[in-house]
Amino acid sequence: MSANQNTPFTPPVIAIDGPSASGKGTITQLVAAQLGYHYLDSGALYRIVALAAKNNNISWNNEALLAELVEQLDIKFSDNEIYLNNNKVTEKVRSEEIGGGASEVAIHPALRKALVDLQHSFRQAPGLVADGRDMATVIFPDAKLKIFLTATAEVRADRRYKQLAAKNKSADYQKILEDLRQRDTRDQQRSDAPLVQAPDALLLETSNSNIAEAVAFVINAYLANAKSN
Ligand code: C5P
């Protein structure tokens, strides 16, 4: 029997962190698809909690009730759709209001702790690409590759504005920019798991590059990393 047969296989993780509207979601999904890996959108979990709290009249400030609420939620991701207690909530969780709520509920340590096991459960063979704010620093500190993906607030606001306009939704660039800055500050300044580049993460600044270039950067870095190990 070889030594390998006794060593449990731990699926590899690529952790992609960064601020709101940095393109993390799209890039992470494309990298996962290209590698045939699973995908975790950790921000969606905080968004679902904000939505469920709103539906249950629980304040986004009520740490104890929010942590309790998490235990009662049945969350499913399937075919690019998000289900909460068997109801499709994909559009609702993507709203600006719920995004803001997510960054409010995310400051509470008890809630963050209540979501840890669920996030770990996504780590399945052959591998996982996870996006969020604390994937590299807290949830998957042993990730094989860590990327900190960012762009200037103005570029991110412009991308968000164009996304909304493409969906014929009313959008005010200045308001989007202000909301993004407010969310960045809240995410960077909270005491538990703040948004920060892990010391061993590669910086990927996408203000002047497109999605395909960013995806290629991540895949090349991952393959180069795998070769050298
Ligand atoms: O990435 P997304 O915009 O969907 O995340 C919504 C909010 O959830 C973020 O502004 C952040 O406050 C919170 N979040 C977090 N930790 C994560 C992912 C998201 O605190 N890993």
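Predicted model: local features only at pLDDT ≥ 70, side-chain atom pairs only at ≥ 80, totals over all residues.
The chain contains 11 helices and eight strands. Its radius of gyration is 18 Å, close to the 17 Å that the globule rule gives for 229 residues, so the chain is as compact as a globular protein of that length. Along the principal axes, the C-alpha atoms fill a box of roughly 60 × 40 × 35 Å. Buried residues make up 45% of the 229 in the chain. The exposed surface comes to about 11,900 Å². Carbon and sulfur atoms supply 51% of that surface. Among contacts between residues at least 6 apart in sequence, 74% join residues at least 24 apart.

Seven of its 10 residues are buried, so helix 5 is largely enclosed by the rest of the structure. The buried residues are Ile98, Gly99, Gly100, Gly101, Ala102, Ser103 and Val105. Several helices contribute to their cover. Among them are helix 2, helix 3 (63-71) and helix 4 (90-93). Helix 6 (109-114) and helix 10 (173-189) are also included.

On the helix 2 side, the contact is made by Tyr46, Arg47, Val49, Ala50, Leu51 and Lys54. On the helix 5 side, Glu97, Ile98, Gly99, Gly101, Ala102 and Val105 take part. By class, the residues of this contact divide into seven nonpolar, two polar and three charged.

Val49, Ala52 and Ala53 of helix 2 meet Leu66, Leu69 and Val70 of helix 3. This contact has six nonpolar residues, with no polar and no charged ones.

Thr150 lies in strand 7, which spans residues 145-150. At 17% relative accessibility, Thr150 counts as buried. Beyond residues up to four places away in sequence, Thr150 touches Pro19, Ser22, Leu203, Leu204, Glu205, Thr206 and Ser207. Leu202 belongs to strand 8, residues 202-205. Leu202 is partly exposed, with a relative accessible area of 36%. With residues up to four places away in sequence again set aside, Leu202 touches Leu145, Lys146, Ile147, Phe148, Gln197, Phe217 and Ala221. Leu202 and Ile16 are 186 residues apart in sequence. In space, their C-alpha atoms are 9.6 Å apart.

Backbone geometry was considered last. Most residues other than glycine have a negative phi, and most peptide bonds are trans. Ala21 has a positive phi of about 60 degrees although it is not a glycine. Ala21 lies in the loop between strand 1 (13-17) and helix 1 (24-35). Its relative accessible area is 17%, and Ala21 is buried. Asn80, also not a glycine, has a positive phi of about 65 degrees. Asn80 is found in the loop between strand 3 (75-78) and strand 4 (81-84). Its relative accessible area is 66%, and Asn80 is exposed. A cis peptide bond joins Ala125 and Pro126, with omega at about 5 degrees. Pro126 sits in the loop between helix 7 (116-120) and strand 6 (128-132).

Notes: Residues numbered from 1 in each chain as written. Heavy atoms only, no water. Contact = heavy atoms within 4.5 Å. Helix = DSSP H or I, 4+ residues; strand = E, 2+ residues; numbered from the N terminus. Nonpolar A, V, L, I, M, F, W, Y, C, P; charged D, E, K, R; others polar. Rg over C-alpha atoms; globule rule 2.2 N^0.38 Å. Buried < 20%, exposed > 50% of the residue type's maximum accessible area, 1.4 Å probe, protein only. Areas by Shrake-Rupley, 256 points an atom, 1.4 Å probe, with all protein chains shown as cover.
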